[in-house]
Each structure stands twice: as C-alpha cells, then as structure tokens.
Amino acid sequence: MSAKLNALNSDSYTDVSQYRDQHFKGNRYDQEKLLKQSNTLYVGNLSFYTTEEQVHELFSKSGDVKRIIIGLDKVKKTACGFCFVEYYMRGDAEHAMRFVNGTRLDDRIIRTDWDAGFKEGRQHGRGKSGGQVRDEYRQDYDPARGGYGKLASQIPAAEQRNTF
C-alpha cells in the first residue's frame, strides 16, 4: 500500500503512541501486539477527587464499559490521578480515544492512551511516596492533585509562596 493510502487509513486518535510501560513483563514486540488489540485505556491527569461514577458517566458515552480501575496511592490507598477503563469491544475504546481524549472531567483536561491490559498491582502509583512519579516532581500548586509536588513540599513554605 502506498504512503498516501496509509495516511488516508490512519487515524491519529487511535494509533498507538510512542509511550511504553517500562514495567511491562515481556518484549517490545509482545507489548506492541497487545496495544494494537487492547480494549483497555489508561486515563491520566485526573483530579484526586474524581469518582469512579464520574469516569463511568463520561466513558460510557463511547460504548459499554466492562470495568474501571481507579489508580491508588500505594501507601495511603487514596486516588492518585489516573485510572484504567476497560471496554468489552475495541471499537468502543477507539471511540473513547477519538472523542474523550483531551476533554474536561472534573475541571481537568484528561488524556487517554492505549494500555496493554490491566493486571493486578498496576493500580498503584509508582512514585517513591506512593503516588504517581510525575506528582513528585511537579513544581506548581495543584489543589486537585494534592497541592505541591512531594519533592516541592520539602521546600520551606516562604520559598514556595515566592514562586508564583
């Protein structure tokens, strides 16, 4: 097939991104294959206060949701800003990638990406403090994601106020 025809058949919303789970058990080829067949989406940039019901309400507009797994801080066991949404059919997950990615949920712009499939244990944050790694390095104040980043919270309060 020519490059022109490939471009016409391409759907950038449903294409597999360049991101790969560094903790995937298996080789790169197996991961690519699973991503291209997956019915599961990773959803990021959620508020720590977004509920499973809110996620279901939004994502069920794209198709029948099989289950939602809310990401948890591995220490506190509280929501930490991500989830997995699993659909019964790939086509429904593709609709969510097209129409839900980049929309607002709980006043935040969420992002979706293909996931190779949820396995028990992946619902926990991978950061040293128990949450997500990105929240440990965040320098801004984000009340919907727990305030300052974990490493930024080690800076004296007077210095933090001067960073605005």
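Guide: In what follows, a cavity is a set of points on a 1 Å grid over the protein atoms alone where a 1.4 Å probe fits but cannot get out. The model under discussion is a predicted one.

Visitor: How many cavities of 30 Å³ or more does the structure hold, and how much space lies in the largest cavity?

Guide: With a threshold of 30 Å³, the structure holds one cavity. The space in the largest cavity is about 40 Å³.

Visitor: Which strand gives the most to the lining of the largest cavity?

Guide: The lining is made up of L46, S47, F48, T50, V55, I70, A79, C80, G81 and F82. By class, seven of the lining residues are nonpolar, three are polar and none is charged. The strand that covers residues 79-87 contributes four residues, the most to this lining, and that strand is β3.

Visitor: In what order do the elements of the chain run from the N terminus on?

Guide: The chain contains six helices and six strands. Read from the N terminus, their order is α-α-β-α-β-β-α-β-β-β-α-α.

Visitor: Which strands stand at the edges of the four-stranded sheet?

Guide: The sheet is open and its four strands, paired antiparallel, follow the order β2-β3-β1-β6. Two of these strands have a single partner each, so one side of each lacks a neighbour in the sheet; they are β2 (65-72) and β6.

Visitor: Which residue of β3 stands opposite G44?

Guide: Strand β1 (residues 40-44) pairs with β3 in the antiparallel sense over five bridges. Along this pairing, T40 has E86 as its bridge partner, and L41 stands opposite V85. The residue of β3 opposite G44 is F82.

Visitor: Which residue of β6 stands opposite V43?

Guide: Strands β1 and β6 run antiparallel and are joined by five bridges. Within β6, the residue that faces V43 is T112.

Visitor: Why is β1 described as largely enclosed by the rest of the structure?

Guide: In a regular strand, side chains alternate between the two faces of the sheet. In β1, T40, Y42 and G44 on one side and L41 and V43 on the other are all buried, and both faces are covered. Strand β1 is therefore largely enclosed, the count of its buried residues being five of five.

Visitor: Which residue in the turn between β2 and β3 has a positive phi?

Guide: Strands β2 and β3 pair in the antiparallel sense over six bridges, with I70 opposite C83 in β3. The two strands form a hairpin with six residues between them. In that turn, the residue with a positive phi of about 60° is K77.

Visitor: Is T112 buried or exposed?

Guide: T112 lies in strand β6 (residues 111-115). Leaving out residues up to four places away in sequence, T112 touches Y42, V43, F59, M97 and N101. Its relative accessibility is 7%, and because buried means under 20%, T112 counts as buried.

Visitor: How far apart in space are V65 and N39, C-alpha to C-alpha?

Guide: V65 is found in strand β2 and is buried, with a relative accessible area of 13%. Beyond its neighbours within four places in sequence, V65 is in contact with H56, F59, S60, V85, E86, Y87 and Y88. V65 and N39 are 26 residues apart in sequence, and their C-alpha separation is 9.7 Å.

Visitor: At about what angle to β6 does helix α4 run?

Guide: Helix α3 (residues 52-59) lies across β1, β2, β3 and β6 and runs at about 140° to β2. Helix α4 (residues 90-99) lies across β1, β3 and β6, and its angle to β6 is about 150°.

Key: Residues numbered from 1 in each chain as written. Predicted model: local features only at pLDDT ≥ 70, side-chain atom pairs only at ≥ 80, totals over all residues. Heavy atoms only, no water. Buried < 20%, exposed > 50% of the residue type's maximum accessible area, 1.4 Å probe, protein only. Contact = heavy atoms within 4.5 Å. 1 Å grid on protein atoms, 1.4 Å probe; cavity = no way out; pocket = protein on both sides within 12 Å on 5 of 7 lines; lining within 4 Å. Points joined across faces, edges and corners; volume = space filled by probe spheres on them. Nonpolar A, V, L, I, M, F, W, Y, C, P; charged D, E, K, R; others polar. Pairing = 2+ DSSP bridges. Axes fitted to C-alpha atoms, helices over the stretch in contact; angles between N-to-C directions.
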